[in-house]
Amino acid sequence: MVSPSVPRLVVAAPSSGSGKTTVATGLMAAFAARGLAVSPHKVGPDYIDPGYHALATGRVGRNLDAYLCGPDLIGPLFRHGARGCDLAVVEGVMGLFDGAAGEGELASTAQVAKLLRAPVVLVVDASSQSRSVAALVHGFASWDPEVRIGGVILNKVASDRHEELLREALDSAGVPVLGVLRRAAQVDTPSRHLGLVPAAERHTDAVEAVAAMGAQVAAGCDLDALLALARGAGHLACDAWRPPAETPDGRTVVAMAGGPAFTFSYAEHAELLTAAGADVVPFDPLRDACLPDGTAGLVIGGGFPEVYAAELSANEPLRKAVADLAASGAPVAAECAGLLYLCRELDGLPMCGVLDATARMTERLTLGYRDAVAVGDSALAAAGTRTRAHEFHRTVVEPGAGAAPAWGVRTPARRLEGFVQGGVHASYLHTHWAAAPDVARRFVERCRTS
């Protein structure tokens, strides 16, 4: 039997830079301060915003990506994350109708809102307009009749007079104004080469920024009206996703890199590994001199090793432990940042030396969804396995593929990518294992038998 649907809102915007993260995180913090259990979600593959969401709510931030996981998993993954909550807030990606390039609405905020039957709150940067705001909001509200724009939050409003002009214009658009936010420097979040600086790196500053976002949103928005709007979301007729449980004899230790240098990981990966029979033990490559006791497999996700290259290089005992584990044939799954860490060097500094490759920072951003196929058998996939992935980095690894590549990338251009070497699977491509639960089962089984 399907349980009652959790009240929910999708926070969207006409374009990137409008203030979605400030408003979404602020709403999460403001409602949590009222005593509500708030479930935080992010449309798309972004790892950074969910870190701020987690600070605001005290719950793990989760992604809803219709490209990586497929549209059919959006509802079940949402219900899994929102189980037991009073309210869910979903932060959108880019502009409301922007999705995977050349794929129509696929992976757009609009598509996810429709799949969740959730009302949309449109965050509009009003800093350089007055009456024109009505035309913009009317266009977004009428573009797709299946997307319900339930209200507008006006951001970066300059003055009381500016607010008066905006409200007067929007009276004719038929979309209520549910909030007005002035400019506030204390809620600004610093950025660098791949976007916002992750919350895990900012510590007290991040906590203070989230608190400021919550205070600003609570003061400038009609929280009662927003909660009423969330409670008007349609019924979601699907069951919650659950990782398929295995019943192996005994548990096996899988070490998972974390800390400031390796902040990118989907929560479902650890849940899938646990369900497959692993004890997932986190460790910090910046500070820990050895791998967790009994480590039989290693997962190194994404992050910013280029920012911490000197510290990672200085931790020679751990670099040697990683190299020794890989040399033993134990399964090692490395994505993007993990790939860099396994290289011989990064920006001239020694890394683990598992791969005969070098990595360096560049000015060029590599970004986008990918369609790929496993070239050969590995700890993660059998040869011929198709996957959908995401790539996001400003580094380059030379060579880009080993003698046994990890993937044959099919789109946007055909190329070989990554490394399969013994038990090691290292690649720039980020994948979401919820779309292919066999990945975790296969990995844990290899940990038992290697």
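How many helices and strands are there in the chain? There are 14 helices and 21 strands, where helices (H or I, at least four residues) and strands (E, at least two) are DSSP runs numbered from the N terminus.

Before the details, some housekeeping. This is a predicted model, where local features need pLDDT of at least 70 and side-chain atom pairs count only at pLDDT 80 or more, while totals for chains, interfaces and linings use all residues. Residues are numbered from 1 along each chain as its sequence is written, and side-chain values use heavy atoms, with hydrogens and water left out.

1. Overall size. Along the principal axes, the C-alpha atoms fill a box of roughly 70 × 50 × 40 Å.

2. Burial and surface. Of the 450 residues, 58% are buried; buried means under 20% relative accessible area, exposed over 50%, and partly exposed in between (1.4 Å probe, protein chains only). The accessible surface comes to about 17600 Å², and carbon and sulfur atoms hold 51% of that. Areas come from the Shrake-Rupley method with a 1.4 Å probe, and for residues only the protein chains shown count as cover.

3. Take the contacts (heavy atoms within 4.5 Å) with a separation of 6 or more: 75% of them are between residues 24 or more positions apart. As for charge, the chain has 39 positive and 48 negative ones, and their mean positions are 4 Å apart. Lys and Arg count as positive, Asp and Glu as negative, with His and the chain ends not counted; each charge is placed at NZ of Lys, CZ of Arg, CG of Asp or CD of Glu.

4. The cores. A nonpolar core here is a set of buried Ala, Val, Leu, Ile, Met, Phe, Trp, Tyr and Cys residues joined through side-chain atoms within 4.5 Å. The largest one has 101 residues, and those with the most contacts inside it are Leu96, Leu116, Leu154, Leu226, Leu273 and Phe443. Helix 1 (residues 20-33) gives the most to this core, with 7 residues. There is also a second, separate core of 38 residues, which includes Ala334, Leu340, Cys352 and Ala357.

5. Leu273 up close. Setting aside neighbours within four places in sequence, the partners of Leu273 include Val254, Met256, Trp433 and Phe443. Also among them are Ala278, Val280, Val299, Ala440 and Val444.

6. Helix 4. This one is worth a look: 7 of the 8 residues of helix 4 (residues 109-116) are buried, so it is largely enclosed by the rest of the structure. The buried set is Thr109, Ala110, Gln111, Val112, Ala113, Lys114 and Leu116. They pack against strand 1 (8-12), strand 2 (38-43), strand 3 (62-64), helix 3 (74-82), strand 4 (87-91) and strand 5 (120-125).

7. Either side of helix 4. Ala107, in the loop between strand 4 and helix 4, has a positive phi near 70 degrees and is buried at 5% relative accessible area. Just after the helix, Arg117 takes a positive phi of about 50 degrees. For background, most residues other than glycine have a negative phi, and most peptide bonds are trans.

8. Two cysteines. Cys352 sits in the loop between strand 15 (349-350) and strand 16 (358-374) and is buried, at 8% relative accessibility. Beyond four places in sequence, Cys352 touches Arg319, Val322, Ala323, Tyr341, Leu342 and Cys343. Its C-alpha atom is 5.8 Å from that of Ala323, 29 residues away along the chain. Cys336, in the loop between strand 13 (332-335) and helix 13 (337-342), has a positive phi of about 55 degrees and is buried at 7%.

9. Cis peptides. Glu398 and Pro399 are joined by a cis bond with omega about -5 degrees, and Pro399 lies in the loop between strand 17 (386-398) and strand 18 (407-411). Another cis bond joins Thr411 and Pro412, with omega about 0 degrees; Pro412 is in the loop between strand 18 and strand 19 (415-417).

10. Asp438. This residue is in helix 14 (residues 438-449) and is partly exposed, at 48% relative accessible area.
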